[in-house]
Amino acid sequence: MSLPWLVADIGGTNARFGLVTRPGGQPEAVAVLDVSQHLGLADAVAAYLADHAGGVRPGAACLAIAGPVEDDRYRLTNAGWSGSVKELGIPRTVLLNDFEALAISLPHLAGDDLVPLGGPPPAAGLTKAVLGPGTGLGVAGLVPVREGWQPVPGEGGHVAVPVVTDLEMEIVRALHADGMPYVDAEHLLSGTGLPRLHRGLALVRGITAEARTPARMTAAQMTAAQITSSDDPLCVETVEVFLALLGGFAGGVALTLGARGGVYLGGGVLPRLVSRIPGSTFRARFETTAPALTEYAAAIATVLITAEQPALTGAAAWLAQRNPDV
């Protein structure tokens, strides 16, 4: 596959692009495009190549998609884009789930790319897991194999939300009564889920139109950014419940995958909450997901990914791993 290579991380809100000009190199000419401003993937790729990459013609591409992929076809879970990458006209294009690409990036992250969130340092050479709330809730694993690492994609964000406390159960019941027949993990543990969790908590607390929120907004009008940045009591409690649920969810992923090499957290929401995680019940809920396996979970590291564009790094690593002689 001739260089340069196009790499991309396509989410429900933003489409991030970059170019790899040498095997093992980091993506260059990185640009972020608004998904809502483009008709589809082909339109966004054309715009990136024309406006940010000097009109080059990539010899190959690896595109990370926030949704299910199968062969050459993709569908964004939280946006309207779908189709085949054959429309791009690039000689060889590979599709990955976005968290599959994020998983591949893990061995290439170090130093300031990572912030410890509890437990021992990540164990080398063992299965890892990555998950994170962005527009949706992504999950993937990374398994050591003879050739290096093999990502294991999945749709674990759509399992049932891991409620434990009476308050969490009341929130889910309130959302059921408010018109949600089923509440999965992504419905609450995501950028779109935070306002939904805020509304559910407001319903439980009996706070109606005159909610104690910035500019006297109602619970239904709050955004994730406003909730995470506010010191309003309802917003503070929303974040506390969010981090507790996330800890339980992360613990479930760790046990399911046997991720003794560490559980890594990505996505666009958590960097805004990094200062609140140490004082939350996140780690306690992680370790007590299964009371019979508390010691097992306590030996697993939890780590926040703070790298700027880790999925692009993963896409570049995927191409380099499969083309060592280029």
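What follows is a walk through the pockets, strand pairings and helix contacts of one predicted model. Since the model is predicted, local features need pLDDT of at least 70 and side-chain atom pairs count only at pLDDT 80 or more, while totals for chains, interfaces and linings use all residues. Residues are numbered from 1 along each chain as its sequence is written, and side-chain values use heavy atoms, with hydrogens and water left out.

The largest pocket is a handy place to begin, with a volume of about 920 Å³. A pocket here is an open set of points on a 1 Å grid over the protein atoms alone, where a 1.4 Å probe fits and protein lies on both sides within 12 Å along at least five of seven lines; lining residues have an atom within 4 Å of a point. Volume is the space filled by probe spheres set on the points, which are joined across faces, edges and corners. Of the 43 lining residues, R16, G134, T135, G267 and G268 are the closest to the centre of the largest pocket. Two or more residues each come from β2 (14–20), α2, β11 (137–145) and α10; helices (H or I, at least four residues) and strands (E, at least two) are DSSP runs, numbered from the N terminus. By class, this lining has 12 nonpolar, 24 polar and 7 charged residues, where Ala, Val, Leu, Ile, Met, Phe, Trp, Tyr, Cys and Pro count as nonpolar, Asp, Glu, Lys and Arg as charged, and the others, Gly among them, as polar.

Two of those elements, α2 (residues 98–105) and α10 (residues 310–321), also pack against each other, at an angle of about 75° and with their axes 7 Å apart. That makes α2 roughly perpendicular to α10. Axes are lines fitted to C-alpha atoms, for helices over the stretch in contact, with angles from 0 to 180 degrees between N-to-C directions; under 35 degrees counts as roughly parallel, over 145 as roughly antiparallel, 65 to 115 as roughly perpendicular and the rest as oblique. Contact (heavy atoms within 4.5 Å) brings α2 residues including A101 and L102 up against α10 residues including A315 and W318. The α2–α10 contact splits into 8 nonpolar, 3 polar and 1 charged.

On the strand side, β11 pairs with β10 (residues 128–133) in the antiparallel sense over 6 bridges; strands pair if DSSP finds at least two bridges between them. L131 stands opposite V139 in β11, and the β10–β11 hairpin has 3 residues between its strands. β11 and β12 are also antiparallel over 6 bridges, with P151 in β12 as the bridge partner of L142 and 2 residues in the hairpin link.

Elsewhere, an open antiparallel sheet of 3 strands runs in the order β5-β6-β7. Its edge strands, β5 (69–70) and β7 (82–84), each pair on one side only. β5 is joined to β6 (residues 73–75) by 2 bridges, and V69 has Y74 as its bridge partner.

Finally, the axes of α3 (residues 166–177) and α5 (residues 193–205) come within 8 Å and cross at roughly 100°. α3 and α5 are therefore roughly perpendicular to each other. Among the α3 residues in this contact are I171 and L175, meeting α5 residues including L197 and L201.
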